[in-house]
Structure formats: C-alpha cells, structure tokens
Amino acid sequence: MSLAYQPPSILPGFNDPVHEAQTVFRQLLEAMSHPGVIVDIETTAESPGEMSESMTALALTLFDADTPVWLDAALAERASIADYLRFHCGCPITQSPIEAAFALVGSVECLPRLERFSMGDVQYPERSATILMETPQLTGGDAIVLTGPGIATTRELDPVGLPDWFWSAWAVNHGAFPLGIDAIFTCGAEFCALPRSTRAEV
Amino acid sequence: MPQNTLDDPNTARKRWMGVLARTGLDKLEEAYASLSSAPKHAILRKPETGLIMVQGRANGTGQKFNAGEMTVTRCSVRLPAGSIGHAYVAGRSRRHAELAAIFDALLQDPEHVDALEENLIAPSENALAAQRVLQQRKAAATKVDFFTMVRGEDPK
C-alpha cells in the first residue's frame with residue numbers, strides 16, 4: 001500500500017516540553033536583560049537540518065500558532081526545518097519578512113536589511129520582529145562596545161560574520177526606540193541577545 | 001482537503017485511526033503484547049491532554065456552531081523504519097494515545113498492515129459496530145410516539 005503523501009521524518013522536540021521551555025525562557029529573559037552576555041543552553045531536542053541547538057531550543061520555546069515565522073533561504077531550502085517547526089510549534093511559516101513575528105536566519109552573511117522586518121507601530125511597539133541569527137562564532141570578531149539598560153558601564157561583544165552594514169543599521173534601529181527589532185545571536189549551544197534598547201559602538 | 005472521500009488517498013488511514021481511537025485500551029494492550037517483536041519507537045510528541053472544540057452544522061449543511069469542548073489526548077511516535085504515527089484519542093488515557101500512535105505507524109508499514117488489519121482493526125471495527133447497533137436498539141426502545149398524545153378540546 002502506498003500513501004500519496006509521505007511526510008518527511010520529523011525529529012523529536014523537547015523531552016519534557018513544559019519544563020524545558022520554561023527553563024529556556026528564563027535563560028532568554030536573563031540574556032535579554034543583560035545584553036551581550038553569552039548564555040549556554042542544555043536541550044534534549046534534536047535539531048533539524050542545519051539549525052544549532054540553541055536556535056532549536058529557542059524556536060521550540062518561543063513559537064506558537066500566533067507567531068508567523070520567516071525562514072531565510074539557507075533554512076527554507078531544507079524542508080525538514082519548516083516541517084519540524086510546524087509540527088512542534090504549530091507556527092505558520094510566512095514568505096514575507098514584514099509579517100514575521102520571528103525570523104530565523106541560517107547564514108548571517110546574507111542577513112536581509114533590517115528595514116524589511118516589522119519594527120512594530122507606535123501604539124503596539126511589541127508587534128515587532130525578533131531575529132534569531134546563526135553566527136559562525138559569538139566571540140573572536142571585531143569588538144563592539146555595548147551600553148544601555150542591563151549594562152552597568154560597558155560590555156564588549158565580538159560576534160563573527162555579521163555583514164559590514166549591520167552596526168550602522170543597528171544604530172538606526174536603536175534610534176527608533178521604542179520601535180525596533182530585537183536580535184538574538186546563536187552559535188552551537190550558546191546564544192546572546194541584543195535588544196533594541198542597547199546602543200552599540202564600533 | 002478533498003471533499004469527496006472516495007478521492008481522498010488517506011481514507012484507509014482515517015478508518016484505522018478512527019477504529020484505534022475507539023478501541024478499548026485493554027484490546028490495544030492485548031494486541032501490543034501479541035506482536036512478535038515490540039517496536040522500538042521514538043516519541044516525537046509525548047502524550048499530552050488538551051481540549052478541542054467540537055463543531056457541528058445543523059443538518060450537516062447549516063452554519064457552523066460550537067457543540068462543546070471535549071478532552072482529547074494526542075501522541076506522535078516514529079518507528080525505526082521511519083514511519084510516523086499520530087493518535088488523537090478521546091479522554092485522558094496517555095497509554096491509549098501512545099498505543100494508538102504506535103499501531104498507526106505500524107499500519108503504514110506494508111509488512112504489518114495485513115496481519116494487523118486481520119487481528120486488530122477488522123475485529124475491533126465489527127465489535128464497535130455491534131455495540132453501536134445495541135445502543136441504537138436500547139435507545140429505540142425508549143422512543144415515545146407523540147401522535148397518541150393529541151391534546152383534547154379546551155373545555156368551554
């Protein structure tokens with residue numbers, strides 16, 4: 001007997017969805033309230049395709065039926081990733097970045113311009129996009145000096161692989177506060193957050 | 001989704017999923033124990049209980065309305081051969097959902113489908129049908145014919 005539609009193999013998500021998602025959410029809160037601090041995630045979820053463990057765990061924690069998700073070309077070409085997210089999170093996958101509540105970027109060198117994502121509107125600044133980017137390394141690149149809420153004096157961040165225009169675009173993004181996108185850099189089991197409230201100087 | 005069930009390639013799977021969901025847990029356990037080798041399944045989604053809204057249409061064609069909520073437990077498993085089984089089962093029995101998902105995955109395997117059809121699905125479907133007929137008979141016995149209760153003339 002053959003079925004007309006053979007679904008691709010889906011990998012298991014969190015072993016204990018409620019508690020693991022709560023743990024990861026707590027870690028994300030820590031990361032967001034201390035911009036630039038690198039946080040280590042332990043997860044039981046198996047990552048589909050090219051996604052890192054931290055990006056997978058954050059996706060399983062954050063996405064649900066109310067959050068349209070946009071995938072960049074590097075992730076969208078692996079059908080297993082969209083299937084995994086749809087199965088475990090039930091999230092709609094959108095083709096247009098402006099509609100996305102979350103964007104997953106597999107190759108940060110090809111990051112689309114930040115203006116292509118939603119910055120929220122004045123009544124509802126929280127309706128902006130959060131971009132999760134896979135970076136080759138979170139440390140070892142050119143150092144950026146961060147200041148702002150959650151940073152007592154200054155903090156250095158030196159992720160590798162961001163496009164040249166990123167930090168000038170980030171200044172514009174920061175200037176639009178309370179509007180603006182939030183960024184999360186992921187690499188392997190580690191991630192760090194860059195909320196819109198953080199000022200970055202090269 | 002195809003409107004005509006004859007054109008739906010998933011008709012066979014819908015049938016056995018429905019039967020598995022309605023079959024009693026003891027029957028499923030029995031069938032699972034009698035498998036020649038217990039499949040080593042990986043859990044994709046642990047059994048979890050939630051509410052679903054049951055919707056109906058008056059006369060099957062009218063406006064959609066919410067009939068009420070029901071408790072459902074769902075589970076998804078993957079067998080080593082690669083087939084993925086899903087189950088949505090009324091009630092809160094996690095084991096029932098897990099076993100129904102395992103059998104759904106096994107039934108997609110051409111190696112198992114005939115034996116399971118013969119030993120589990122067909123007998124269970126017959127038993128369910130017999131139970132349904134019995135229930136209908138019991139209900140029919142309580143039928144009241146209202147034509148005997150015509151109201152008399154109002155006294156002047």
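Biologist: Why is G13(A) called buried?

Modeller: The cut-off for a buried residue is 20 or more other C-beta atoms within 10 Å. G13(A) has 27 C-beta neighbours inside 10 Å, and therefore counts as buried.

Biologist: Where does G13(A) lie in chain A?

Modeller: G13(A) is placed in the segment before helix 1 (17-33) of chain A.

Biologist: Which residues does G13(A) touch, leaving aside those up to four places away in sequence?

Modeller: Within chain A they are A45(A), L60(A) and H88(A), and from chain B there is R45(B). Each pair counts as a contact because the C-beta atoms lie within 7 Å.

Biologist: How many residues make up the contact between the two chains?

Modeller: On chain B there are 13 residues in contact with 8 residues of chain A. Strand 1 (42-57) and helix 4 (110-141) of chain B each provide at least two residues of this side, and the largest share, 4 residues, belongs to strand 1 of chain B. This side of chain B comprises 7 nonpolar, 3 polar and 3 charged residues.

Biologist: What confidence does the predictor attach to chain B and to the complex?

Modeller: Chain B has a mean pLDDT of 89, on a scale from 0 to 100, and 90% of its residues reach 70 or more. For the complex, the ipTM is 0.72 and the pTM is 0.83. Where pLDDT is low, predicted coordinates should not be read in detail.

Methods. Residues numbered from 1 in each chain as written. Chains lettered and ligands numbered in written order. Predicted model: local features only at pLDDT ≥ 70, side-chain atom pairs only at ≥ 80, totals over all residues. Nonpolar A, V, L, I, M, F, W, Y, C, P; charged D, E, K, R; others polar. Buried ≥ 20, exposed ≤ 12 C-beta atoms within 10 Å, placed from the backbone.
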